[in-house]
Amino acid sequence: MLKTIYIKENMPSVDEARKRLANEINMAKKAGVKAMKVVHGYGSTGKGGALRDALRKSLLRRKKEGVISGYVYGEKWSIFEPDARAVLEICPQLSSDPDLNRGNEGVTIVLLQG
C-alpha cells in the first residue's frame, strides 16, 4: 500500500508541517501502508525551502528513532540510486511514480516498514 500526502497544501508553518507529517506517518503505519510520498515543495526562493529542510530533519530523527525504515529524497529518486532501488524492491508499485527519475527536490519517498 502507498499513500501520498501534500504537506505543502495550505502553506503550513514549519511546526504545523512537522506535526502533520508525524500524524500522517502514525496513521499510515496503523493502516499498513508500506511507503509514503511526501510532497513538501522545494521553496519559492529556488534555494530549497524551510519546509523541505525541516521535514527532512524530522525524517532523519524518525529513522534514528526507528519510526520509519528510511527515505529517499526526490533528487535521489532514481533507478540508478541504490536506496531508491531498495525501496522499489519493497514497494514495486512505486515504479510507476511520475517523479521517479525526475530529480524532483519537492518530494521525499518514505519507507515505513522494511
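**Exercise 1.** Decide whether Lys64 is buried or exposed.

*Solution.* Begin with the place of Lys64, which is in helix α2, residues 50-65, where a helix is a DSSP run of H or I with at least four residues, a strand is a run of E with at least two, and both are numbered from the N terminus. Next, take the scale: buried means under 20% relative accessible area, exposed over 50%, and partly exposed in between, with a 1.4 Å probe and protein chains only. Because its relative accessibility is 69%, Lys64 counts as exposed. Finally, Lys64 and Lys30 are 34 residues apart in sequence, and their C-alpha atoms are 20 Å apart in space.

The model is a predicted one, in which local features need pLDDT of at least 70 and side-chain atom pairs count only at pLDDT 80 or more, while totals for chains, interfaces and linings use all residues. Residues are numbered from 1 along each chain as its sequence is written, and side-chain values use heavy atoms, with hydrogens and water left out.

**Exercise 2.** Determine whether Leu21 is buried or exposed, and find which residues Leu21 touches.

*Solution.* Leu21 lies in helix α1, and it counts as buried because its relative accessibility is 3%. Contact means heavy atoms within 4.5 Å; leaving aside residues up to four places away in sequence, Leu21 touches Ile5, Ile7, Val38, Leu55 and Leu59. For Ile7, the separation from Leu21 is 14 residues in sequence and 7.2 Å in space, C-alpha to C-alpha.

**Exercise 3.** Describe how strand β2 is covered and which strands it is joined to.

*Solution.* Start with the burial of β2 (residues 35-39), where 5 of 5 residues are buried. In a regular strand the side chains alternate between the two faces of the sheet. In β2, Ala35, Lys37 and Val39 on one side are buried, as are Met36 and Val38 on the other.

Now turn to pairing, which requires that DSSP finds at least two bridges between two strands. Strand β1 (residues 2-6) runs parallel to β2 and is joined to it by 5 bridges, with Leu2 having Ala35 as its bridge partner. Between β1 and β2 the chain passes through helix α1 (residues 14-30) in a right-handed β-α-β crossover, meaning that, with the strands pointing away from the viewer, the path from the first strand over the helix to the second runs clockwise. Strand β4 (residues 107-111) is antiparallel to β2, also with 5 bridges, and in β4 Ile109 stands opposite Lys37.
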